[in-house]
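Work through the exercises below with the structure open. Each task is followed by a stepwise solution.

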Amino acid sequence: MNTIYTAPISKLTELNNLFIELTAKNCNQRCKHCYIDFPLTKTVKDFISIDVIKEALNDTANENLECIYLMGAEPMTHPDFNTILRLCLKRCSVCIFTNGSFINEKKARFLKKVEGESNYEIIFKLSIDHYNEIKNDDIRGRGSYRQVLHAIKSLIKYDFNPILCITDYYQEGKETLLKEFKQICQKIGFEAKDNNFKINNWYNKNQPTEINSTNWKSLDCENGRILTTKGIYTCPFLANDHRGRSGSKFTDFSRKNAIETNYCATCIENQEALFGINFDLYKD
Ligand code: SF4
C-alpha cells in the first residue's frame with residue numbers, strides 16, 4: 001500500500017503578534033544553546049531599515065496587533081533602536097527580547113519616559129539560563145549573570161515588570177527552575193510571580209528530533225509572523241529559513257504553513273508558544 005506523508009498544517013487565526021528581527025546576526029554574546037548560526041565576527045551590520053518597518057506597520061493596519069516584539073540576535077545593538085521603539089509604541093505594546101547587557105538605571109529611566117509618551121506598555125523578556133552564576137556564565141558568557149541581574153534591578157526600580165526567559169539547558173525541569181529563580185529574584189527585591197518566568201525546553205540544533213505528536217496548545221505560527229530584512233516568515237525560529245517563508249510583504253503573505261521542521265518538534269514538545277506572550281497569564 002502506498003502511503004504519502006503529509007505534514008500537519010498550522011493556520012494563522014489572527015495576526016496578533018508581529019515579531020521584528022532588528023538584526024539577524026549582531027549580538028555581543030555567543031550563548032551555547034542559541035539557535036542562530038553566528039559568524040566569527042561580532043561586527044556584522046545587518047540591521048533592518050526603518051522604512052521596511054514603517055511599510056510593514058502600514059500594511060498591517062487592519063490586523064488586530066496586540067504586541068510588537070523587537071528581537072534579534074540582540075535588538076538593542078540596532079543604531080536606531082530608540083526611534084523604532086517609539087514608532088512601534090504608536091501602534092500597540094512592545095516587547096523587547098534582550099540579554100539585558102544594554103540596560104542600566106539610566107537606560108531604564110529613559111525607557112520609562114518613552115513608555116510614558118505612549119498609550120501602551122513596554123515589556124521586557126530578559127534572557128538568563130541558570131540560577132547559579134557559574135553555570136549561567138558557562139552557557140551565556142562571563143559576566144552575563146551579573147549584567148542581567150543589574151538589568152532586572154534597574155527595570156523594577158522604574159516599575160517595569162520583566163519576564164525572565166529561561167532555557168532549560170541542563171534539563172532540570174520547570175518546577176526546580178521556577179523555585180530557584182524565585183529565590184534569586186526575592187534576594188534582589190523583585191517579587192516575581194509565576195507569570196514572570198517563561199521556561200522553555202532547549203532546542204538542540206545538533207540533535208534532530210522527530211515530530212511524533214500533533215497535539216499542542218498554542219504555536220507562535222498560529223498568531224504571529226516575523227518580519228526580517230528578507231521578508232515575512234512563520235516564526236522567529238524559522239526567520240530567513242526557506243521552510244518558514246510566508247511571503248515578501250504583508251500585503252500578500254501566506255496564512256498557512258506546514259509543521260515539519262526540527263524546530264516545530266521543539267514547539268510541539270513545549271506545548272505553549274515559545275516566543276509570544278500569553279497576555280491572559282501576564283496580566284494576572
Ligand atoms: S517552528 Fe514552531 S512556530 Fe515555527 S512553524 Fe514550526 S511549529 Fe510553527
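**Exercise 1.** Sort the shell around the ligand by residue class in this predicted model.

*Solution.* 
Step 1: List the shell. The ligand is surrounded by Leu219, Asp220, Cys221, Thr234, Cys235, Phe237, Leu238, Asn257, Ile259, Tyr263, Cys264 and Cys267.
Step 2: Assign classes. Nine residues are nonpolar, two are polar and one is charged.
Step 3: Trace the elements. Helix 7 (220-223) and helix 8 (262-270) each give two or more residues to this shell. The largest share, three residues, comes from helix 8.
Step 4: The space it takes is the second largest cavity.

**Exercise 2.** Decide whether tyrosine 35 is buried, partly exposed or exposed, and locate it.

*Solution.* 
Step 1: Find the residue. Tyrosine 35 sits in the loop between strand 2 (17-21) and helix 1 (50-59).
Step 2: Apply the cut-offs. Buried means under 20% relative accessible area, and exposed means over 50%. Tyrosine 35 has 22% relative accessibility, so it counts as partly exposed.

**Exercise 3.** Work out why strand 7 is described as largely enclosed.

*Solution.* 
Step 1: Count buried residues. Strand 7 (residues 197-201) has five residues and four of them are buried, so the rest of the structure largely encloses this strand.
Step 2: Find the partner. Strand 6 (residues 163-168) pairs with strand 7 in the parallel sense, over five bridges. Aspartate 168 stands opposite asparagine 201.
Step 3: Follow the connection. From strand 6 the chain runs through helix 6 (residues 174-187) to strand 7, a right-handed β-α-β crossover.

Notes
Residues numbered from 1 in each chain as written. Predicted model: local features only at pLDDT ≥ 70, side-chain atom pairs only at ≥ 80, totals over all residues. Heavy atoms only, no water. Near = heavy atom within 4 Å. 1 Å grid on protein atoms, 1.4 Å probe; cavity = no way out; pocket = protein on both sides within 12 Å on 5 of 7 lines; lining within 4 Å. Sits in = over half its atoms within 2 Å of the grid points. Helix = DSSP H or I, 4+ residues; strand = E, 2+ residues; numbered from the N terminus. Nonpolar A, V, L, I, M, F, W, Y, C, P; charged D, E, K, R; others polar. Buried < 20%, exposed > 50% of the residue type's maximum accessible area, 1.4 Å probe, protein only. Pairing = 2+ DSSP bridges. Right-handed = clockwise from strand over helix to strand, strands pointing away.
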